[in-house]
Amino acid sequence: MSEETKGFRQAIAKRVQWLRWYRYKMAGYDIHPSCEIERGLNLDRYFPQGIHVGAHTILTSRVTILSHKLVPKKSLGRYDGEKVHTYIGEWCVIGIGAVIMGGVRIGDECVIGSGAVITKDVPSNTIMAGNPARVVREGIEMEDIKL
């Protein structure tokens, strides 16, 4: 691939990233403009203002992020949604198909494995994987990890 073609493709990719970010920003989500957003992202539409994603975070395909919890209301005979805030820190990588439950806080520089289901808070510098997700490694430095 020539340098000219490579530069053109990178310019197009940058524009596509900006368009994805802008679409989510207009819908009310709090996503930092430096995030890399892949297609197929599933963000909760019930309470868009409750989803917060920090700088330089990568959200891969088919990631689901919720901003509500279902609460049983016997008097109503149904479940009712409770609005909650979900936070993802800076410099995180969220693997393909991961699910982040509503009300969870993920610290800075975390790696969430593909298909993981995050049901509780994740401290900074941690790798989580599994369903439900468990700590795989703590005290990581993003510079030393090969993804």
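**Close-up views of a predicted model**

**View 1. A parallel pair, β10 and β13.** Strand β10 (residues 93-94) and strand β13 (residues 111-112) run parallel and are joined by 2 bridges. Here isoleucine 94 has isoleucine 112 of β13 as its bridge partner. Strands are DSSP runs of E with at least two residues, helices are runs of H or I with at least four, and both are numbered from the N terminus. Two strands count as paired if DSSP finds at least two bridges between them. This is a predicted model, where local features need pLDDT of at least 70 and side-chain atom pairs count only at pLDDT 80 or more, while totals for chains, interfaces and linings use all residues. Residues are numbered from 1 along each chain as its sequence is written, and side-chain values use heavy atoms, with hydrogens and water left out.

View 2. Strands of a sheet pair through backbone hydrogen bonds, either parallel or antiparallel.

**View 3. The β15-β16 hairpin.** Residues 126-130 (β15) and 133-138 (β16) pair in the antiparallel sense over 5 bridges. The two strands form a hairpin, with 2 residues between them. Look for methionine 128, which stands opposite valine 135 in β16.

**View 4. Threonine 126 in β15.** Threonine 126 belongs to strand β15 and is buried, with a relative accessible area of 0%. Buried means under 20% relative accessible area, exposed over 50%, and partly exposed in between (1.4 Å probe, protein chains only). Its side chain reaches the backbone oxygen of proline 123 at 2.9 Å. Not counting residues up to four places away in sequence, threonine 126 touches Glu109, Cys110, Val111, Val135, Arg137, Glu138 and Ile140; contact means heavy atoms within 4.5 Å.

**View 5. The loop between β4 and β5.** Two buried residues share this view. Threonine 57 is placed in the loop between β4 and β5 (58-59), and has a relative accessible area of 0%. The side chain of threonine 57 reaches the backbone oxygen of glycine 89 at 2.7 Å. Beyond four places in sequence, threonine 57 touches residues including Cys35, Glu36, Ile88 and Trp91. Alanine 55 is found in the loop between β4 and β5, buried with a relative accessible area of 8%. Alanine 55 and tryptophan 91 are 36 residues apart in sequence, yet 6.4 Å apart in space, C-alpha to C-alpha. Leaving aside neighbours within four places in sequence, alanine 55 is in contact with His32, Ser34, Glu90 and Trp91.

**View 6. The nonpolar cores.** A nonpolar core is a set of buried Ala, Val, Leu, Ile, Met, Phe, Trp, Tyr and Cys residues joined through side-chain atoms within 4.5 Å. The largest has 27 residues, and Ile31, Ile94, Ile106 and Ile118 have the most contacts inside it. Both α1 (3-26) and β4 (51-53) supply at least two residues each to this core. A second, separate core of 5 residues includes Val93, Val111, Ile127 and Met142.

**View 7. Helix α1 and its end.** The end C-alpha atoms of α1 are 35 Å apart, which agrees with the 34 Å that its 24 residues should span at 1.5 Å a residue. The expected span is 1.5 Å times one less than the number of residues. Just after α1, glycine 28 takes a positive phi of about 105 degrees.

Definitions and conventions:
A polar contact is a pair of N or O atoms within 3.5 Å; within protein, one must be able to donate a hydrogen and the other to accept it, and residues adjacent in sequence count only if both atoms are side-chain atoms.
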